[in-house]
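Here is a briefing on the fold and its aromatic contacts. Look over the sequence and the model first.

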Amino acid sequence: MKPTQAIAGALLAVLAAGCAHAPEARAGASLDRVMSLGDFDHALLSTAIFEESNRVREAHGSPPLGHLAALDAAADEQASYLALSLSVGHRNPFLGERDEGERVIHEGLDPARVGENAIMMPAAAPGSPGGGYTYASYAAFLVEGWMDSPEHRETLLARRFTHLGCAARLAHGFAQGDQRIFAVQEFFRPADRKMASPEGAARH
């Protein structure tokens, strides 16, 4: 086996373990809870990103997007890979999950349109090694980063999508205290407009 294949295999095993379940926030968890890096709740941050994304869309005149757990899982596949590789992008080496279209299909969805935003941000506010954010305020920080980029802003506000899934993973860099968040938004419009929507625009 080639070294690159061995590395890819190891990454895939970790990724599969991390994505066994779609992100679900802890019951009763508040988005105003302080984001502790020692007890990081990636599902709660995913929920906060979803809520903040719809808030920003509505503030800019775009309709809110519905939630699909399968999109959370697709986003989590890429966020987990980015956290493992300490890189940002829309591609990965895993067969059947190499780009956002493949990842959405892998989760059982039939897309007419797919879009993806990815970002890496420092996990702690300057001068606050313990974090310094709530889950809601950190989600706002991430979404602001996307909004500051014309290409990502266009995707975030686009009316051509109907559903959204989000994911976020904490990663440790090479230097002590170097902690980063890798976040992904997965945008989707079904090929069949008659597709039943299991969840509405509001996420609880």
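Two strands count as paired if DSSP finds at least two bridges between them. Helices (H or I, at least four residues) and strands (E, at least two) are DSSP runs, numbered from the N terminus. This is a predicted model, in which local features need pLDDT of at least 70, side-chain atom pairs count only at pLDDT 80 or more, and totals for chains, interfaces and linings use all residues. Residues are numbered from 1 along each chain as its sequence is written, and side-chain values use heavy atoms, with hydrogens and water left out.

- Four strands form an open sheet in the order 1-3-4-2, with mixed pairing.
- Strand 1 (66-67) and strand 2 (111-122) are the edges; each has a single partner strand, so one side of each lacks a neighbour in the sheet.
- Strand 1 and strand 3 run parallel and are joined by two bridges. Glycine 66 has histidine 163 in strand 3 as its bridge partner.
- Strand 3 and strand 4 run antiparallel, joined by 10 bridges. Here glycine 165 has glutamate 186 in strand 4 as its bridge partner.
- Strand 2 pairs with strand 4 (residues 179-190) in the antiparallel sense, over 11 bridges. Asparagine 117 stands opposite glutamine 185 in strand 4.
- Strand 3 is largely enclosed by the rest of the structure, because nine of its 10 residues are buried. Buried means under 20% relative accessible area, exposed over 50%, and partly exposed in between (1.4 Å probe, protein chains only).

**Helices across the sheet**

- Helix 2 (residues 42-59) lies across strand 1, strand 3 (163-172) and strand 4, at about 135° to strand 3.
- Helix 3 (residues 69-85) lies across strand 1, strand 2, strand 3 and strand 4, at about 25° to strand 3.
- Axes are lines fitted to C-alpha atoms, for helices over the stretch in contact, and angles run from 0 to 180 degrees between N-to-C directions.

**Helix 5 against helix 6**

- The axes of helix 5 (residues 135-147) and helix 6 (residues 150-157) come within 6 Å and cross at roughly 115°.
- That makes helix 5 roughly perpendicular to helix 6. Angles under 35 degrees count as roughly parallel, over 145 as roughly antiparallel, 65 to 115 as roughly perpendicular and the rest as oblique.
- Val143, Trp146 and Met147 in helix 5 meet His152, Arg153, Leu156 and Leu157 in helix 6. Contact means heavy atoms within 4.5 Å.
- The residues of this contact divide into five nonpolar, one polar and one charged. Ala, Val, Leu, Ile, Met, Phe, Trp, Tyr, Cys and Pro count as nonpolar, Asp, Glu, Lys and Arg as charged, and the others, Gly among them, as polar.

**Aromatic pairs**

- The structure holds five aromatic pairs. Rings of Phe, Tyr and Trp (its six-membered ring) pair if their centres lie within 6.5 Å; planes under 30 degrees apart count as stacked, over 60 as edge-to-face and the rest as tilted.
- Phenylalanine 40 and tyrosine 135 are stacked, 6.4 Å centre to centre with 25° between the planes.
- Phenylalanine 40 lies in the loop between helix 1 (3-18) and helix 2, and tyrosine 135 in helix 5, so the pair ties together parts 95 residues apart in sequence.
- Phenylalanine 40 is buried at 17% relative accessible area, and tyrosine 135 is buried at 0%.
- Phenylalanine 161 and phenylalanine 187 form a tilted pair, 5.5 Å centre to centre with 35° between the planes.
- This pair links the loop between helix 6 and strand 3, which holds phenylalanine 161, to phenylalanine 187 in strand 4, 26 residues apart.
- Tyr133, Tyr138 and Phe141 form one aromatic cluster.
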